[in-house]
Amino acid sequence: MTDISPLTLLGTGAMGTALGRAWLAAGHPLTVWNRTPERTAALTAEGAVAAGSAAEAVAANRLTVVCLLDDASVGSALADTDLTGRDLVNLTTGTPADARARAAWAEERGARLLDGGIMAVPPMIGTPGAYVFYSGHRELFEEHRDTLAVPAGTRYVGADPGLAALHDVALLSAMYGMFAGITHAFALVRGEDVALGEFAEVLVPWLDAMAGMAHRTAERLESGDRTGGVVSSLAMQVAGAGTLLRTAEEQGVSAELLTPFLDLMARRLADGHGEEDTVGLVDLLRHRVPRRDAKEPRAAAERRTDLTRPRHGS
Ligand code: NDP
């Protein structure tokens with residue numbers, strides 16, 4: 001049977017409005033609050049009820065989804081709100097430490113908190129590609145899973161409240177590395193006899209194919225085997241880096257997006273790891289002992305993530 005539980009949404013900015021629309025379209029009674037009340041109009045026009053204060057909105061339902069600008073906004077919006085017995089799902093982007101502190105803060109106030117990191121932009125909400133990483137209170141997640149799955153797929157990544165934010169930020173960080181590469185590539189070819197649209201058509205499948213190295217990286221980091229089956233050695237890659245830098249110079253393009261990675265490769269090679277591929281660079285970046293290595297390793301089954309697709313998309 002479809003769950004059409006009522007819920008509250010704090011924050012009707014671009015993302016909050018998209019989320020709210022999906023719940024309303026699926027028939028969920030929705031109470032909304034926004035610091036600037038006029039910004040609730042799009043959702044009230046579609047059937048949401050606007051509350052006069054955040055406290056009133058939270059009191060209206062057991063489940064409150066929070067989608068505000070940043071963690072400081074969450075603290076200020078909920079400062080004078082009685083949270084006793086409430087379930088909070090915080091979809092506001094923050095750091096892992098923000099999420100852990102906010103979960104403890106909620107618990108001190110008698111509430112349960114699940115943190116979420118949205119892997120979508122507003123137009124993707126309600127489509128099959130959208131999903132949200134969740135971490136923290138597992139029972140809360142299970143109890144509200146059907147409701148949470150309406151606007152976007154749900155991927156629960158662990159009981160530590162910081163894990164959703166960690167996944168979110170890790171994916172965004174990888175994305176910016178990719179954007180840097182795309183930016184540099186277009187700077188190289190622009191102004192030459194290259195049709196940029198056709199160039200994009202070869203660039204995208206190349207990046208898709210190369211992204212598969214993430215699986216090899218994971219395997220090598222888990223197994224500790226850095227050299228078995230290496231087909232593109234670091235020694236070869238560092239030798240080839242000179243061609244990349246000279247081409248940038250010939251084209252009159254700054255290599256500033258490229259050099260940080262190439263410099264790391266050269267450092268790892270200088271440390272005597274020429275037979276590896278680029279996996280060892282992870283060791284160069286990490287300044288402190290990973291949390292997992294400092295504790296007992298978790299069982300594989302416990303680590304496995306758990307994905308459901310958005311209800312809308314199915
Ligand atoms: P908007 O800028 O559109 O909306 C921000 C919201 O936060 C508004 O409701 C705003 O209220 C509220 N707000 C800001 N400061 C305060 C404060 N001090 N007290 C109370 N409320 C405050 O942002 P989005 O809706 O796009 O983003 C919301 C969250 O979703 C962010 O954490 C963002 O990182 C995340 N997100 C957004 C994505 C996107 O592409 N838009 C993608 C993935 C995640 P007011 O209207 O009064 O200013």
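Here is a tour that starts with the whole chain and ends at single residues.

**Before you click**

You're looking at a predicted model, where local features need pLDDT of at least 70 and side-chain atom pairs count only at pLDDT 80 or more, while totals for chains, interfaces and linings use all residues. Residues are numbered from 1 along each chain as its sequence is written, and side-chain values use heavy atoms, leaving out hydrogens and water.

**Stop one: the whole chain**

Show the protein chain as a cartoon and you'll find 14 helices and 9 strands. These are DSSP runs numbered from the N terminus: helices are H or I with at least four residues, strands E with at least two. The C-alpha atoms fill a box of roughly 65 × 50 × 35 Å along the principal axes.

Of the 314 residues, 40% are buried. Here buried means under 20% relative accessible area, exposed means over 50%, and partly exposed is in between, using a 1.4 Å probe and protein chains only.

**Stop two: the enclosed space**

Rolling a probe the size of a water molecule over the atoms shows where empty space is left. A cavity is a set of points on a 1 Å grid over the protein atoms alone where a 1.4 Å probe fits but cannot get out; a pocket is an open set with protein on both sides within 12 Å along at least five of seven lines; lining residues have an atom within 4 Å of a point. Grid points are joined across faces, edges and corners, and a volume is the space filled by probe spheres set on the points.

The structure holds 1 cavity of 30 Å³ or more, and the largest cavity has about 50 Å³ of space. To see its lining, select residues including Asp-71, Asn-90, Thr-92, Asp-115 and Ala-165.

Now for the second largest pocket, with about 650 Å³ of space. Of its 30 lining residues, Met-15, Cys-67, Leu-68, Leu-69 and Thr-92 are the closest to its centre. The elements giving two or more residues to this lining are α1 (14-25), α4, β6 (112-119) and α7 (163-189).

**Stop four: two residues**

Select Val-169 in helix α7. Val-169 is partly exposed, at 35% relative accessible area.

Finally, where is Thr-81? Look in the loop between α4 (71-77) and β5 (87-90). Thr-81 is buried, with a relative accessible area of 10%. Leaving aside residues up to four places away in sequence, Thr-81 touches Ala-54, Ala-55 and Val-58, a contact being heavy atoms within 4.5 Å.
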